[in-house]
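Please walk me through this model in the viewer, one selection at a time. Say what to select next and what is found there.

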Amino acid sequence: MTRWKPVLVWLLGVWMVVVCWAAFFYAPTAQGFKGESARIVFFHVPQAWVAVVAFCVNLVASIRYLRGRDPVDDIRAAAAAALGLLFSVLATISGSIFAKIMWGSFWNWDPREVSIAILLLVYAAYFALRQAVPDEERRGTLSAAYAVLAFVTMPFLVFVVPRIYWSLHPDTLINTSGRIDMESRMLQVLLGSVAGFTGLFAWLYSLSVRLARADLRRRQQEGG
Amino acid sequence: MLAEALAVLAKELRSELRSRVALNAILLFALTTLVAVAYQIGPYRIHEEDRPHLLAALLWIILFFAATSGLARVFVKEEDAHTAKTLRLAARAGAVFAGKFAFNVVLLGTLEIVVVPLFCVLLGYRVAGPSNLVLLLAAGTVALAAVATMVAAIISRASGSGTLFAVLTVPLALPLLVMLIQGTRAAAGSAELAAVLPALRGIVSLAGVTLVSSVFLFPVVWHD
């Protein structure tokens, strides 16, 4: 696997270039949107998807840490949360650009905008907690407990609040009737982009974990 | 287990009746904020059509921030007074959580009994469905106490717990607050139970998942 890693990273780079090209030149212009604004969906949706994937990875690593108290699981949880925070910020920025073009304002207090803002706050609170606990083992336990607690409220943010209250946001990819209402070429590009962004997350995540593990080994060696 | 939980609740109530620190903090915070808001807005400054929504938001902002000033004390005081170790030996983790949670429910209930009627009188808030508002207040109290008790347990083990409590609670409680404000607005406008049912369902579900996850998480945090 280690031998194939550079090849996979190069393939990922090529894949992302193709996705960017396809987003602007292969996918047709969407109907019902101002100008070419709908093309942002090929970047905004995968970023939001990765933010949620990172939250799930953070949850799994946190549960593993609470069960086994392996410091590497804490490293994995923190790395996933850091990337989740990054992709949440990117999804918020790309969503705001779309909002400005479509609705005339970067921020409209739409339920979906509020839900991504709260997700950002959850990630920020997770890191505030980590910084407030100097002891490594206790830090791992408390932040893992908070991550699990935050995860159980996430369905209310992402699914319940936007569905109870009226929203400006366009229908999600799979709408309430359970159908995918998207032109075939657009759907191909979107799925390709989701795959690319997921690969990008996997690569960045493995790099972060490797760096943090090396730092942990160095500190353990220095501590004797 | 029930006897232990009731013993913890009785201890908390006795201790609070002696010192009245938490009760004084939340009541004074709420009353000061209420007087400031009522003095500036009064019963006539907001247009009739905006009243249900704006006053519902103001009510829950007062209740929530007053609650954050006192709810963390249940665990922080045990760490400050170095009595946490004794409590660990005296009662099982589940009983400690249940007792502290019940105490926070009592504290929040007391706050609401004092503040909500005063708020309605001072700001001229007419509620078409008072029984629906009572239902919302009851469900909101349970949900908020569940989130606050678990976060209090987490922050009591970290440094800088006073400020950290608000930082960690706000993102977890925001979806709850959004649902409570929408539900209160609906209760103010209609006496029908159906009007508040979507919000009520969300609040009860959030309270349920928080309590269930706390049952599993609390022993890990408490015995760390």
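Select Arg20(B), which sits in the loop between helix 1 (2–19) and helix 2 (21–41) of chain B. The model is predicted, and in it the phi of Arg20(B) is near 55 degrees, a positive value in a residue other than glycine. Most residues other than glycine have a negative phi.

Move along chain B to the loop between helix 4 (73–80) and helix 5 (84–90), where His82(B) lies. His82(B) also has a positive phi, near 60 degrees, and is not a glycine. Is His82(B) buried or exposed? His82(B) is exposed, because it has 8 other C-beta atoms within 10 Å.

Now select the contact between the two chains. Chain B gives 27 residues to the contact and chain A gives 25 residues. On the side of chain B that touches chain A, colour helix 7 (130–155), helix 8 (161–189) and helix 9 (193–222) of chain B; these are the elements that give two or more residues. Coloured by class, that side of chain B shows 19 nonpolar, six polar and two charged residues.

Of the 224 residues in chain A, 36% are buried. Draw the contacts in chain A between residues at least 6 apart in sequence: 76% of them join residues at least 24 apart.

How values were computed. Residues numbered from 1 in each chain as written. Chains lettered and ligands numbered in written order. Predicted model: local features only at pLDDT ≥ 70, side-chain atom pairs only at ≥ 80, totals over all residues. Contact = placed C-beta atoms within 7 Å. Helix = DSSP H or I, 4+ residues; strand = E, 2+ residues; numbered from the N terminus. Nonpolar A, V, L, I, M, F, W, Y, C, P; charged D, E, K, R; others polar. Buried ≥ 20, exposed ≤ 12 C-beta atoms within 10 Å, placed from the backbone.
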